[in-house]
Amino acid sequence: MDSDRLQHAEAVRGHFRRALLASMAFVALLGAIFHAGAWLGEMRFLALVPLEPAGLVGIVTAPLLHGSAGHWLANSVALLILGTLLGTVYPRAALRALPVLWLVSGLVTWLIGRPSFHIGASGLTHGLMFLLLFLGLLRRDKAAIAAALIAFFFYGGMVLTVLPREPGVSWEYHLGGALAGILAAFVWRRADPEPPRKRYSWEDEEDEPLPGDEDGEFAMPRPDDVPVLWERPPEPRGTVLPFRRPTDD
């Protein structure tokens with residue numbers, strides 16, 4: 001059991017390194033695209049426009065675009081934290097769920113969004129947070145619960161942003177990401193095996209006789225052999241003689 005736990009710990013460290021490097025590379029890509037906009041000029045043709053055939057391309061390209069440095073920075077920090085957390089705890093589910101989060105969040109926005117230009121990776125960040133949260137609720141092992149609590153501690157406020165709150169903020173993208181995360185959690189909740197559970201020494205101990213009681217004279221009786229005080233046997237009853245009233249002669 002100790003060797004299994006050591007192997008699992010080493011595997012988790014490997015997953016963490018790969019997830020961190022992948023998240024950093026994606027954040028760097030978003031930064032490069034954002035700063036390249038100053039030379040490439042207007043890129044609204046890559047934005048998502050709801051219910052417009054030309055806006056369908058935005059389902060794929062809109063998460064790569066950001067309107068300001070603050071917009072890019074906020075999404076980048078969330079992607080770095082949540083992406084690393086997901087890839088560390090759920091490496092198999094992450095590979096399968098990420099394309100679903102990307103495409104489903106964009107498709108929902110294209111179907112229900114307001115007639116405007118929708119850009120940014122906020123749909124992806126909301127998908128990651130809701131995926132981690134619902135995986136913790138569905139799996140309920142220690143690692144899953146810890147990952148869900150960490151995600152909720154940093155970004156629990158995303159639960160409120162799936163509804164219209166601020167003008168100019170694509171709550172439709174947030175809602176689409178949340179729905180995609182919940183869907184992916186149900187589908188791939190068993191994609192990753194549960195971590196090995198620590199077994200305590202008392203679980204491996206066998207019942208041993210007391211010193212001097214090798215023959216089992218003082219052994220505890222079975223529960224079925226212990227009399228229950230409140231179940232008394234019925235008391236014996238005598239014969240009831242009929243009572244006759246004496247008659248006057």
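This is a predicted model: local features need pLDDT of at least 70, side-chain atom pairs count only at pLDDT 80 or more; totals for chains, interfaces and linings use all residues.
Residues are numbered from 1 along each chain as its sequence is written, and side-chain values use heavy atoms, with hydrogens and water left out.

Let me begin with the helices, which are DSSP runs of H or I with at least four residues, numbered from the N terminus. Helix 5, residues 122-139, packs with helix 7, residues 171-187, at an angle of about 35°, and their axes are 7 Å apart; the axes are lines fitted to C-alpha atoms over the stretch in contact, and angles run from 0 to 180 degrees between N-to-C directions. Residues that meet here, with contact meaning heavy atoms within 4.5 Å, include Gly 127 and Phe 130 in helix 5, and Gly 177 and Gly 181 in helix 7.

Turning to helix 4, residues 91-112, we find Val 104 there. Val 104 is partly exposed, because its relative accessible area is 25%, and the class lies between buried, under 20%, and exposed, over 50%, with a 1.4 Å probe and protein chains only. Leaving aside neighbours within four places in sequence, Val 104 is in contact with Gly 176 and Ala 180. Val 104 and Leu 124 are 20 residues apart in sequence, and 9.6 Å apart in space, C-alpha to C-alpha.

Finally, Leu 51 is found in the loop between helix 1 (2-40) and helix 2 (58-61), and Leu 51 is exposed, with a relative accessible area of 54%.

Definitions and conventions:
Helices (H or I, at least four residues) and strands (E, at least two) are DSSP runs, numbered from the N terminus.
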